[in-house]
Amino acid sequence: MAGARWAVGAAVAVIGCAGMVALPAPAQSAPAGPSISRLQAEGSYLVDALGRKVLLHGVNNVDKQAPYIEPGDGFTLTDADATLLAGHGFNTVRLGVSFDGLMPTRGVVDTAYLDRIGSVIDTLAAHGIYTLLDNHQDGLSKIWGGNGFPEWSLRSRPAVWEPNPGFPLYYLMPSMNRGWDEVWDNSNGVLDYLGTALAALTAKVNGRAGVLGIELMNEPWPGSAFHTCFPNGCPGFDTKYQAAMQKLTDAVRARNTGIPVFWEPNVTWNETMPSNLGKNPPITSPGIVFAPHDYCIPSQLAIYLGLPEQLRGLCPVQQDKTWGNIDAFTHRTGIPTLVTEFGDGDATVLRNTLVRADERFIGWQYWHYASTFGPGAPKPDPFLGDIGRDLVRTYPRATAGTPGRFVFDSATGDFAYTYTPKPTSAPTEIYVSDLHYPNGYEVRVDGGTVTSAAGARIVTVEGNGSASVTVRINRPGSAGAKLVP
């Protein structure tokens with residue numbers, strides 16, 4: 001869960017063709033030349049303008065405090081941050097935007113805020129990084145010590161006698177549940193105003209290729225219907241919730257036709273409840289992307305409530321359930337998935353997510369990264385620790401064909417990937433981690449040809465007409481990763 005505002009605390013490649021070559025690693029450099037085109041949902045993949053299947057690896061940058069996204073505040077991303085992120089292979093940022101910031105006064109959109117958002121998008125795009133606009137809330141509003149919905153948009157207020165236990169337990173407060181009911185019932189026109197605000201945002205960014213899409217609401221809570229979601233999900237609420245998502249989708253598409261729209265399941269998902277989105281009715285609007293989170297409640301309880309860390313031993317079981325729910329949703333709807341939050345400072349939970357995402361060719365956005373180039377001296381690169389060695393991965397960021405299996409061992413740097421090639425106007429691109437190969441790397445391609453220059457951070461591969469292409473990258477002398485069917 002997006003609870004706190006913090007940053008992640010947590011050698012260059014050489015190429016060969018139909019064989020192996022290992023050379024000393026040249027000086028570190030970022031991936032050559034930004035290449036960015038608008039992405040669209042096509043079946044269960046995100047596809048670029050050249051027809052390639054795109055895999056996204058990135059981070060969150062969510063400013064929850066007014067005045068929001070202020071250049072030079074030590075939190076908002078800068079050109080130097082974009083350089084650092086691109087150098088580590090990240091190609092997406094989930095940028096938090098606030099309804100409270102978009103429309104601080106009823107019916108009046110803050111155009112200066114829109115300008116600041118647009119500036120960050122352009123900065124990231126110049127480095128080949130896609131921005132997902134995330135309408136972020138935690139705790140609904142400042143009324144409850146949270147953020148997101150402006151105070152004018154809701155009538156509910158805590159009673160004098162009502163204790164506020166803070167994040168995350170404040171979601172159980174009767175007054176907050178009444179506030180959420182106002183949202184889903186569109187009381188006071190709150191959904192209408194939100195739709196107007198998000199539509200103004202999408203109109204502002206219309207035509208910017210660097211915009212991945214818009215996520216309509218972070219961690220939506222069912223309100224007073226929450227108890228119906230346990231133990232097997234809440235189809236009744238999800239039907240109402242889907243209608244709200246469709247209403248907001250229609251609002252933003254009226255100002256920005258074709259923008260991918262990301263729907264997150266109601267937040268009982270994080271407690272392993274399945275989503276019923278797309279069951280009744282089915283999802284018929286084009287360009288919808290599923291945006292689940294992958295957190296472990298035992299780990300969250302240890303982090304936020306100080307409960308015993310031994311509870312984290314339950315996390316693999318919970319995360320298997322979560323990913324089973326993702327599989328069921330994908331099978332039912334056939335739409336793409338992007339995990340828009342995971343990690344939250346727990347290295348074991350993070351690793352569980354990364355392995356399961358790789359197995360399914362699903363992208364992700366890590367929680368959380370704030371600028372390391374704010375006031376004062378630059379902070380150390382936060383990706384040089386253990387968490388960074390998991391996050392900074394060798395991976396196929398654009399595939400000219402249909403993805404198959406891929407594996408990456410963060411301990412050894414061994415990478416293997418197989419795909420079915422398809423002729424396109426651009427090659428398959430594989431980002432090679434800048435952290436895992438201090439003495440260069442070896443690359444072997446079966447069924448294709450390496451077309452990138454020696455020392456490139458991005459290995460490019462073109463198929464040679466074979467039924468499949470297999471790419472293996474590893475440290476010199478390593479046996480390499482194995483692809484298990």
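Tutor: The protein chain contains ten helices and 21 strands. Both are DSSP runs numbered from the N terminus: helices are H or I with at least four residues, strands are E with at least two. This is a predicted model, in which local features need pLDDT of at least 70 and side-chain atom pairs count only at pLDDT 80 or more, while totals for chains, interfaces and linings use all residues. Residues are numbered from 1 along each chain as its sequence is written, and side-chain values use heavy atoms, with hydrogens and water left out.

Overall dimensions come next. Along its principal axes, the C-alpha trace spans about 70 × 45 × 45 Å. Of the 485 residues, 59% are buried. Buried means under 20% relative accessible area, exposed over 50%, and partly exposed in between, with a 1.4 Å probe and protein chains only.

Now the strand β5. It covers residues 92-97, and six of its six residues are buried, so β5 is largely enclosed by the rest of the structure. Both faces are covered. T92, R94 and G96 lie on one side, V93, L95 and V97 on the other.

β5 has parallel partners. Strands of a sheet pair through backbone hydrogen bonds, either parallel or antiparallel. Here, two strands count as paired if DSSP finds at least two bridges between them. β6 pairs with β5 in the parallel sense over six bridges. In that pairing, R94 stands opposite L132 of β6. Strand β4 (residues 57-61) also runs parallel to β5, joined by four bridges. There, V59 faces V93. From β4 the chain passes through helix α1 (residues 79-87) to reach β5, a right-handed β-α-β crossover. Right-handed means that, with the strands pointing away from the viewer, the path from the first strand over the helix to the second runs clockwise.

Follow β6 onward. H136 sits in the loop between β6 (130-135) and α4 (174-185). It is buried, at 3% relative accessible area. The H136 side chain makes a polar contact of 3.3 Å with the side chain of N218. A polar contact is a pair of N or O atoms within 3.5 Å; within protein, one must be able to donate a hydrogen and the other to accept it, and residues adjacent in sequence count only if both atoms are side-chain atoms.

Another sheet has antiparallel pairing. It is open, with four strands in the order β15-β16-β21-β18. Its edge strands, β15 (401-408) and β18 (442-446), each pair on one side only. The twist averages 15° from one strand to the next. Axes are lines fitted to C-alpha atoms, for helices over the stretch in contact, and angles run from 0 to 180 degrees between N-to-C directions. Within this sheet, β16 (residues 415-421) and β21 (residues 469-474) share five bridges. A416 stands opposite R472 in β21.

Last, the loop between β10 and α7. Y295 lies in this loop and is buried, with 2% relative accessibility. Its side chain makes a polar contact of 2.7 Å with the side chain of E341.

The structure holds two disulfides, each a pair of cysteine sulfur atoms within 2.5 Å. One joins C296 and C315, with the sulfur atoms 2.1 Å apart. The S-S torsion is about -90°, so this disulfide is left-handed. It links distant parts of the chain, 19 residues apart: C296 in the loop between β10 (293-294) and α7 (297-305), and C315 in helix α8 (residues 315-333). Both cysteines, C296 and C315, are buried. The other disulfide joins C229 to C234, S to S 2.1 Å. Its torsion is about 75°, so that disulfide is right-handed. C229 is buried at 0% relative accessibility, and C234 is buried at 3%. In sequence order, the bonded cysteines pair 1-2, 3-4.
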